[in-house]
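Trainee: Please walk me through this model, feature by feature. I would like the general idea, then the case.

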Amino acid sequence: MENASRDLLGRSRKKNIRKYLPIYCMMLPGFLYMLINNYFPLPGLQLAFKKFKYSQGIWGSAWNGISNFRYLFRSPDSFMIIRNTICYNLVFILLGTILSIIVAILLNEVRSKRLQQTYQTFILIPYLLSYVIVSYIVYAFLGADNGMINNSIIRAMGYEGVAWYTQAKYWPVILVIVQLWKSFGYSTIIYFASIIGIDHSLYEAAVVDGASTWKQITHITLPLLKPVIIILTMLAIGRILYSDFGLFYQVPMNSGMLYSTTSTIDTFVYRGLLETNDVGRASAAGFLQSVLGFILVLTSNGIVRSVEKEYALF
Amino acid sequence: MKIGGKKVSIVANVVLCLLAFSCVMPLLLLVISSFTSESTLSRNGYSFFPSQFGLDAYLYLWHTRVQLLTAYKMTFIVTTIGTLGNLVVTTLFAYGLSKKQLPGRVFLSFMVFFTMLFNGGIIPSYLMWAQVFHIKDTVWALILPNLLMNGFSVIVMRTYFTANIPAEILEAATLDGAGEWQMLAKVVLPLSSPIIATIALMSGLAYWNDWINGLYYISTHTELFTIQNFLNRLMSSTDFLMNANTNSAIADGIKVPSIGIRMAIAVIALIPIMIIYPFLQKGFVKGIVIGSVKG
């Protein structure tokens, strides 16, 4: 009896698979691509524990234990790149969230639909630009000889021009401004969409109760935005060890004198791989980024899950 | 719903006007500088109010147009092939994942999801593409790594299919004897134009703006450079453009307007996006919202 039903099950599964054969065919290209692009490289993580030689490849290179990591952490670079990556991200998350929420709330107060549309169009423009173009724009402002700021503002006031691309101390401010400029539109749109979705009757009831505009914002809008804020912040915290390569490589024009405030894990890995041929340290840093990043995503999700289950991503 | 009174609305308009202006003002500097005469640029630098406009940069670019047109052509080719490829691969994969009865669906979905949580980083990926698949200095380097499909858009699309295509319609089509390919082409796709447009937009923008693949994988065959790579190289070595054209330029007795030309090329790279953007603006907004809510 049991055998018979198992047999039947087996046959129906076979039949099922045959029925879905066209579907599997459809999925094949995507599946293969994912396998190659996302899964085949994973064994390459072992490079962090190997002395890499191009001639011997990933598998053929000799193991060298944790000496890549030891070498990485003995240099001051390791502290610098980790500090820069995390601190910049924290500032981006904090200022970006505040700015986008404020703009989204203001956008909601605009009466004319057409103006609302126009503002959205404009604040999204920086998001459409590549960081190569952005670096040209920043150069137009900050170039030492030809830059707008040195020529039209600083020298016009009678001061000596500033060599922006050689002075590391200015770059934390510059990079934060550029990042906010480029990405606040994107998150504003997300927050604005959730504000539009808030039930009107809540505000109407509040008005009847005599609540001021400010009260309505702090007691209705912000609490109802909480899930979106939490989810976006969590996504960002999960990626706190990752930096936008374009922002940190392209915008400071890879200028060596700025590394102390502009190099992050991603630019460090790039330089190790393609510029200084220091694959050992670079792959150790890349390994830490992958593994710690993974742990961070799981942890931040776990924390949110334990506090408020429905806000968790998975 | 607007919650403030008229005063709040006025404040909102003023602040947003300033913000909107600050978003385009830097672009204006780029454009104005590109139309400034080279002598003014070398005297006063880039400026919003140049003392003398001029077409020096664009005239010189016209002389070196071959190089620029090649890069432009590459950008168009890569963006077109890449976006179409992305659409086909993503749609087919997401459609499969939307079949609730599909054996192995949970496993496949997890595989997609996992790619968003964990990745091997750039070094293993670079070594694989360069040493196993030998894509360095080929056009494939601009299309294949990372951009062809991503887990996020697969999941967004799958969610769209399961939420917006009524099961009854699919059943009815099956009863009529439609095969899966027919079903996809005749029933599912016509109902999915919003999500397809969204994915196409996002993918198209990613390909148009990409310079990272070129930076990693194109080193000797600079004729494969897209406009972004071209700009990238021009920034690090100012003479990139000049080297290639010195002879012809000297022959024509033209001085290289090296300050203005950078801005002019950047403007040329921007033009297509700025032309298309107003028409697609709603699509972009929708894409951002769909991506954030349903992912």
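Mentor: Start with burial. A residue is buried if 20 or more other C-beta atoms lie within 10 Å of its own, exposed if 12 or fewer, and partly exposed in between, with C-beta atoms placed from the backbone. This is a predicted model: local features need pLDDT of at least 70, side-chain atom pairs count only at pLDDT 80 or more, and totals for chains, interfaces and linings use all residues. Residues are numbered from 1 along each chain as its sequence is written, while chains are lettered from A and ligands numbered from 1 in the order in which they are written.

Trainee: Why does A:Asn254 count as partly exposed?

Mentor: Because A:Asn254 has 19 C-beta neighbours inside 10 Å. A:Asn254 sits in the loop between α12 (245-250) and α13 (259-262) of chain A. Helices here are DSSP runs (H or I, at least four residues), numbered from the N terminus.

Trainee: What is the phi of A:Asn254?

Mentor: First the general idea. Most residues other than glycine have a negative phi. A:Asn254 has a positive phi, near 50°. B:Asp137 also has a positive value, near 55°. B:Asp137 lies in the loop between α6 (122-132) and α7 of chain B. B:Asp137 is partly exposed, because 16 other C-beta atoms lie within 10 Å.

Trainee: Where does α11(A) kink?

Mentor: The bend at a residue is the angle between axes fitted to the seven residues ending there and the seven starting there. In α11(A) a kink of about 45° lies at A:Lys226, shortly before the proline A:Pro227. The helix covers residues 213-238 and reaches 35 Å from its first C-alpha to its last, close to the 38 Å expected. That expected span is 1.5 Å times one less than the number of residues.

Trainee: Which helices do the buried residues of α11(A) pack against?

Mentor: Contact means C-beta atoms, placed from the backbone, within 7 Å. The buried residues of α11(A) pack against α5 (76-109), α9 (171-196) and α15 (279-307) of chain A. A:Ile217, A:Thr221, A:Val228 and A:Gly238 are buried in this helix.

Trainee: How many residues does each chain give to the contact?

Mentor: Chain B gives 79 residues and chain A gives 75. A:Ile133 touches B:Ala266, B:Ala269 and B:Leu270, leaving aside residues up to four places away in sequence.

Trainee: What ipTM does the predictor give the complex?

Mentor: The ipTM is 0.91, and the pTM is 0.92. For chain B, the mean pLDDT (the predictor's confidence in each residue, from 0 to 100) is 88, and 92% of its residues reach 70 or more.

Technical notes. Contact = placed C-beta atoms within 7 Å. Helix = DSSP H or I, 4+ residues; strand = E, 2+ residues; numbered from the N terminus.
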